[in-house]
Amino acid sequence: MDYSPARATCWIHLHHNLYADSSDSSSSKNENVENFKSESVSPHDHSFVSSLSGDGEGEQRKRDSEYENDVKNKILEASLNFVAEHGWTKAAIVAGAQSVGYPGVVSEMFPLGGSNLVLYFYSVCNDHLREYLEERAEAESQDPDKQKSVKLFIYDAVETRLRMIIPYIDKWPQALATLTLSKAVPTALSNLLILVDDICYYAGDRSVDLDWYVRRIALAGIYKVTELYMLQDKSPDYEETWKFLKKQLDDAATMYSRIQQSEQASQLTKEISIATFTTARNILGLNWKR
(Lines give C-alpha, C1' and ligand atoms only; values in the text may rest on other atoms or scores of the structure.)
Protein backbone atom coordinates (compact mmCIF):
# COMPACT_ATOMS: atom_id res chain seq x y z
CA MET A 1 0.00 0.00 0.00
CA ASP A 2 1.23 3.52 -0.84
CA TYR A 3 1.89 5.33 2.44
CA SER A 4 2.09 8.80 0.93
CA PRO A 5 1.77 12.12 2.83
CA ALA A 6 -1.72 12.55 1.36
CA ARG A 7 -2.83 9.14 2.68
CA ALA A 8 -1.33 9.90 6.08
CA THR A 9 -3.25 13.20 6.15
CA CYS A 10 -6.41 11.34 5.22
CA TRP A 11 -5.87 9.03 8.20
CA ILE A 12 -5.55 12.01 10.55
CA HIS A 13 -8.75 13.60 9.29
CA LEU A 14 -10.50 10.25 9.47
CA HIS A 15 -9.35 9.81 13.07
CA HIS A 16 -10.58 13.32 13.87
CA ASN A 17 -14.02 12.79 12.35
CA LEU A 18 -14.47 9.33 13.80
CA TYR A 19 -13.81 10.36 17.40
CA ALA A 20 -14.63 14.05 17.56
CA ASP A 21 -18.34 13.28 17.86
CA SER A 22 -19.14 10.46 20.25
CA SER A 23 -22.73 10.39 18.97
CA ASP A 24 -21.65 8.94 15.59
CA SER A 25 -23.14 5.54 14.92
CA SER A 26 -20.96 2.46 14.80
CA SER A 27 -22.09 1.63 11.26
CA SER A 28 -21.18 5.10 10.05
CA LYS A 29 -17.71 4.76 11.55
CA ASN A 30 -17.18 1.39 9.91
CA GLU A 31 -18.28 2.80 6.58
CA ASN A 32 -15.73 5.62 6.81
CA VAL A 33 -12.99 3.15 7.70
CA GLU A 34 -13.80 0.94 4.73
CA ASN A 35 -13.82 3.98 2.43
CA PHE A 36 -10.35 4.89 3.63
CA LYS A 37 -9.01 1.38 3.13
CA SER A 38 -10.44 1.17 -0.38
CA GLU A 39 -7.79 1.28 -3.07
CA SER A 40 -10.18 3.40 -5.14
CA VAL A 41 -9.14 6.37 -2.99
CA SER A 42 -6.13 7.99 -4.65
CA PRO A 43 -3.32 9.15 -2.34
CA HIS A 44 -3.51 12.47 -4.18
CA ASP A 45 -7.29 12.82 -4.08
CA HIS A 46 -7.75 15.88 -1.87
CA SER A 47 -11.52 15.77 -2.36
CA PHE A 48 -11.50 12.83 0.07
CA VAL A 49 -10.04 15.05 2.76
CA SER A 50 -12.51 17.80 1.88
CA SER A 51 -15.43 15.39 2.21
CA LEU A 52 -14.24 14.51 5.71
CA SER A 53 -14.15 18.19 6.57
CA GLY A 54 -17.90 18.47 6.75
CA ASP A 55 -19.34 21.46 4.95
CA GLY A 56 -15.92 22.49 3.63
CA GLU A 57 -16.32 26.06 4.83
CA GLY A 58 -13.41 28.18 6.05
CA GLU A 59 -14.01 27.66 9.76
CA GLN A 60 -14.17 23.89 9.40
CA ARG A 61 -10.99 23.83 7.34
CA LYS A 62 -9.33 25.99 9.95
CA ARG A 63 -10.35 23.61 12.73
CA ASP A 64 -9.12 20.63 10.71
CA SER A 65 -5.81 22.36 10.06
CA GLU A 66 -5.38 23.18 13.75
CA TYR A 67 -6.21 19.61 14.68
CA GLU A 68 -3.70 18.27 12.17
CA ASN A 69 -0.99 20.60 13.49
CA ASP A 70 -1.76 19.54 17.04
CA VAL A 71 -1.41 15.90 16.04
CA LYS A 72 1.90 16.58 14.28
CA ASN A 73 3.29 18.42 17.31
CA LYS A 74 2.10 15.67 19.62
CA ILE A 75 3.86 13.05 17.49
CA LEU A 76 7.08 15.04 17.18
CA GLU A 77 7.17 15.74 20.91
CA ALA A 78 6.74 12.04 21.63
CA SER A 79 9.38 11.21 19.02
CA LEU A 80 12.04 13.08 20.99
CA ASN A 81 11.92 10.21 23.51
CA PHE A 82 13.24 7.86 20.81
CA VAL A 83 16.10 9.98 19.47
CA ALA A 84 18.59 8.26 21.77
CA GLU A 85 17.67 4.92 20.23
CA HIS A 86 16.95 5.81 16.60
CA GLY A 87 18.67 9.16 16.12
CA TRP A 88 17.07 12.03 14.23
CA THR A 89 15.36 9.71 11.78
CA LYS A 90 11.97 8.72 10.47
CA ALA A 91 12.25 5.60 12.64
CA ALA A 92 12.12 7.85 15.71
CA ILE A 93 8.98 9.51 14.34
CA VAL A 94 7.34 6.16 13.68
CA ALA A 95 8.12 5.06 17.24
CA GLY A 96 6.87 8.36 18.60
CA ALA A 97 3.61 8.13 16.66
CA GLN A 98 2.97 4.60 17.84
CA SER A 99 3.71 5.54 21.45
CA VAL A 100 0.82 8.03 21.43
CA GLY A 101 -1.64 5.79 19.63
CA TYR A 102 -1.12 6.55 15.95
CA PRO A 103 -0.05 4.07 13.28
CA GLY A 104 3.37 4.36 11.68
CA VAL A 105 1.77 5.55 8.43
CA VAL A 106 1.36 9.05 9.86
CA SER A 107 5.13 9.46 9.75
CA GLU A 108 4.58 10.19 6.06
CA MET A 109 3.12 13.53 7.13
CA PHE A 110 6.72 14.58 7.71
CA PRO A 111 8.27 14.59 4.22
CA LEU A 112 11.69 15.70 5.49
CA GLY A 113 11.86 12.79 7.92
CA GLY A 114 14.44 13.37 10.62
CA SER A 115 14.88 16.99 9.55
CA ASN A 116 11.28 17.70 10.53
CA LEU A 117 12.06 16.38 14.01
CA VAL A 118 15.21 18.50 14.35
CA LEU A 119 13.42 21.63 13.12
CA TYR A 120 10.60 21.03 15.59
CA PHE A 121 13.06 20.63 18.46
CA TYR A 122 14.97 23.75 17.42
CA SER A 123 11.77 25.80 17.26
CA VAL A 124 10.50 24.55 20.62
CA CYS A 125 13.85 25.37 22.25
CA ASN A 126 13.66 28.87 20.78
CA ASP A 127 10.20 29.27 22.29
CA HIS A 128 11.44 28.13 25.70
CA LEU A 129 14.37 30.54 25.53
CA ARG A 130 12.11 33.42 24.52
CA GLU A 131 9.88 32.80 27.54
CA TYR A 132 12.94 32.65 29.79
CA LEU A 133 14.43 35.87 28.40
CA GLU A 134 11.12 37.68 28.62
CA GLU A 135 10.77 36.74 32.29
CA ARG A 136 14.36 37.78 33.00
CA ALA A 137 14.02 41.08 31.21
CA GLU A 138 10.81 41.82 33.09
CA ALA A 139 12.38 40.94 36.46
CA GLU A 140 15.44 43.10 35.78
CA SER A 141 13.30 46.04 34.70
CA GLN A 142 11.48 45.92 38.04
CA ASP A 143 14.59 45.44 40.17
CA PRO A 144 17.68 47.42 39.05
CA ASP A 145 19.85 45.35 41.41
CA LYS A 146 19.24 42.31 39.23
CA GLN A 147 20.30 43.98 36.02
CA LYS A 148 23.33 42.51 34.25
CA SER A 149 25.53 43.96 31.56
CA VAL A 150 24.45 43.37 27.97
CA LYS A 151 27.41 41.04 27.38
CA LEU A 152 26.61 38.99 30.49
CA PHE A 153 22.94 38.82 29.50
CA ILE A 154 23.89 37.52 26.05
CA TYR A 155 26.36 35.05 27.53
CA ASP A 156 23.67 33.65 29.81
CA ALA A 157 21.16 33.47 26.94
CA VAL A 158 23.52 31.57 24.63
CA GLU A 159 24.58 29.18 27.40
CA THR A 160 20.97 28.55 28.35
CA ARG A 161 20.04 27.80 24.74
CA LEU A 162 23.02 25.51 24.15
CA ARG A 163 22.31 23.56 27.34
CA MET A 164 18.99 22.53 25.80
CA ILE A 165 20.80 20.25 23.36
CA ILE A 166 22.83 18.45 26.04
CA PRO A 167 20.27 15.60 26.45
CA TYR A 168 20.80 14.88 22.74
CA ILE A 169 24.47 15.80 22.46
CA ASP A 170 25.58 12.34 21.27
CA LYS A 171 23.18 12.55 18.33
CA TRP A 172 23.54 16.29 17.67
CA PRO A 173 26.14 15.93 14.87
CA GLN A 174 23.52 13.92 13.00
CA ALA A 175 20.95 16.65 13.69
CA LEU A 176 23.23 19.32 12.23
CA ALA A 177 23.86 17.13 9.20
CA THR A 178 20.13 16.76 8.48
CA LEU A 179 19.76 20.56 8.50
CA THR A 180 22.15 20.82 5.54
CA LEU A 181 19.59 19.13 3.28
CA SER A 182 18.41 21.67 0.73
CA LYS A 183 14.74 21.57 1.76
CA ALA A 184 15.61 22.00 5.44
CA VAL A 185 18.05 24.90 5.05
CA PRO A 186 15.49 27.75 4.79
CA THR A 187 13.69 26.80 8.01
CA ALA A 188 16.97 26.07 9.79
CA LEU A 189 18.31 29.51 8.84
CA SER A 190 15.02 31.10 9.86
CA ASN A 191 15.25 29.46 13.29
CA LEU A 192 18.80 30.77 13.75
CA LEU A 193 17.88 34.33 12.76
CA ILE A 194 14.89 34.30 15.09
CA LEU A 195 17.09 32.96 17.90
CA VAL A 196 19.70 35.71 17.64
CA ASP A 197 17.04 38.40 17.17
CA ASP A 198 15.29 37.29 20.37
CA ILE A 199 18.55 37.37 22.33
CA CYS A 200 19.52 40.81 21.06
CA TYR A 201 16.03 42.19 21.59
CA TYR A 202 15.72 41.08 25.21
CA ALA A 203 19.30 42.15 25.86
CA GLY A 204 18.05 45.65 25.22
CA ASP A 205 18.95 46.21 21.57
CA ARG A 206 16.24 48.54 20.30
CA SER A 207 18.52 50.18 17.76
CA VAL A 208 17.22 51.30 14.40
CA ASP A 209 20.63 51.99 12.88
CA LEU A 210 23.03 49.81 10.92
CA ASP A 211 24.40 48.24 14.11
CA TRP A 212 21.15 46.25 14.34
CA TYR A 213 22.39 43.98 11.57
CA VAL A 214 26.02 43.82 12.73
CA ARG A 215 25.11 42.55 16.19
CA ARG A 216 22.82 39.82 14.90
CA ILE A 217 25.20 38.53 12.26
CA ALA A 218 28.04 38.48 14.80
CA LEU A 219 25.94 36.68 17.41
CA ALA A 220 24.79 34.08 14.87
CA GLY A 221 28.42 33.30 14.12
CA ILE A 222 29.33 33.08 17.81
CA TYR A 223 26.41 30.78 18.53
CA LYS A 224 27.23 28.37 15.70
CA VAL A 225 30.98 28.19 16.38
CA THR A 226 30.32 27.59 20.10
CA GLU A 227 27.78 24.91 19.24
CA LEU A 228 30.41 23.09 17.14
CA TYR A 229 33.03 23.49 19.87
CA MET A 230 30.61 21.96 22.35
CA LEU A 231 30.34 18.76 20.31
CA GLN A 232 33.94 17.82 21.01
CA ASP A 233 34.10 19.15 24.59
CA LYS A 234 34.62 16.38 27.14
CA SER A 235 35.16 18.64 30.17
CA PRO A 236 32.86 18.38 33.22
CA ASP A 237 29.59 20.24 32.62
CA TYR A 238 31.11 21.60 29.38
CA GLU A 239 33.25 24.06 31.32
CA GLU A 240 35.61 24.52 28.36
CA THR A 241 32.66 25.40 26.12
CA TRP A 242 31.51 28.19 28.42
CA LYS A 243 35.09 29.54 28.59
CA PHE A 244 35.22 29.42 24.80
CA LEU A 245 31.90 31.27 24.60
CA LYS A 246 33.13 33.99 26.94
CA LYS A 247 36.28 34.43 24.88
CA GLN A 248 34.25 34.68 21.67
CA LEU A 249 32.08 37.41 23.16
CA ASP A 250 35.10 39.26 24.53
CA ASP A 251 36.89 39.06 21.18
CA ALA A 252 33.78 40.22 19.33
CA ALA A 253 33.42 43.22 21.64
CA THR A 254 37.09 44.13 21.19
CA MET A 255 36.91 43.77 17.42
CA TYR A 256 33.71 45.81 17.26
CA SER A 257 35.35 48.57 19.27
CA ARG A 258 38.34 48.65 16.94
CA ILE A 259 36.17 48.66 13.84
CA GLN A 260 34.19 51.56 15.23
CA GLN A 261 37.41 53.57 15.47
CA SER A 262 37.91 53.21 11.73
CA GLU A 263 35.11 54.90 9.85
CA GLN A 264 35.87 53.12 6.58
CA ALA A 265 36.09 49.66 8.18
CA SER A 266 32.96 50.35 10.22
CA GLN A 267 30.95 51.29 7.16
CA LEU A 268 32.18 48.24 5.21
CA THR A 269 31.34 45.88 8.09
CA LYS A 270 27.85 47.34 8.40
CA GLU A 271 27.21 47.11 4.67
CA ILE A 272 28.31 43.47 4.58
CA SER A 273 26.15 42.63 7.60
CA ILE A 274 23.13 44.36 6.12
CA ALA A 275 23.55 42.60 2.79
CA THR A 276 23.97 39.21 4.45
CA PHE A 277 21.07 39.57 6.85
CA THR A 278 18.70 41.17 4.34
CA THR A 279 19.43 38.56 1.67
CA ALA A 280 18.80 35.71 4.11
CA ARG A 281 15.64 37.36 5.38
CA ASN A 282 14.28 37.97 1.87
CA ILE A 283 15.02 34.41 0.77
CA LEU A 284 13.14 33.11 3.79
CA GLY A 285 10.24 35.52 3.35
CA LEU A 286 10.80 36.97 6.81
CA ASN A 287 9.69 40.52 7.41
CA TRP A 288 10.37 41.70 10.93
CA LYS A 289 12.40 44.24 12.76
CA ARG A 290 11.24 44.91 16.26
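A: The protein has 13 helices and 0 strands, where helices (H or I, at least four residues) and strands (E, at least two) are DSSP runs, numbered from the N terminus. This is a predicted model, in which local features need pLDDT of at least 70 and side-chain atom pairs count only at pLDDT 80 or more, while totals for chains, interfaces and linings use all residues. Residues are numbered from 1 along each chain as its sequence is written, and side-chain values use heavy atoms, with hydrogens and water left out.

The pLDDT, the predictor's confidence in each residue from 0 to 100, averages 79 over the protein, and 68% of the residues score at least 70. Over residues 18–48 the pLDDT is below 50, and beyond near neighbours in sequence this stretch has 25 contacts in the model, a contact being heavy atoms within 4.5 Å.

Of the 290 residues, 43% are buried; buried means under 20% relative accessible area, exposed over 50%, and partly exposed in between, with a 1.4 Å probe and protein chains only. A nonpolar core is a set of buried Ala, Val, Leu, Ile, Met, Phe, Trp, Tyr and Cys residues joined through side-chain atoms within 4.5 Å, and the largest one here has 56 residues, with Trp88 and Ile199 making the most contacts inside it. Among the elements that give two or more residues to this core are α4 (58–79), α7 (114–142), α10 (185–202) and α12 (239–261), and α7 gives the most, with 10 residues. Leaving aside neighbours within four places in sequence, Trp88 is in contact with residues including Leu80, Leu117, Phe121, Tyr168 and Trp172.

The axes of α7 and α10 come within 10 Å and cross at roughly 5°, axes being lines fitted to C-alpha atoms, for helices over the stretch in contact, with angles running from 0 to 180 degrees between N-to-C directions. That angle makes α7 roughly parallel to α10, since angles under 35 degrees count as roughly parallel, over 145 as roughly antiparallel, 65 to 115 as roughly perpendicular and the rest as oblique. Residues making this contact include Leu129 and Leu133 of α7, and Leu195, Ile199 and Tyr202 of α10. Glu135 is found in helix α7 and is exposed, with a relative accessible area of 56%. Glu135 and Tyr202 are 67 residues apart in sequence and 9.7 Å apart in space, C-alpha to C-alpha.
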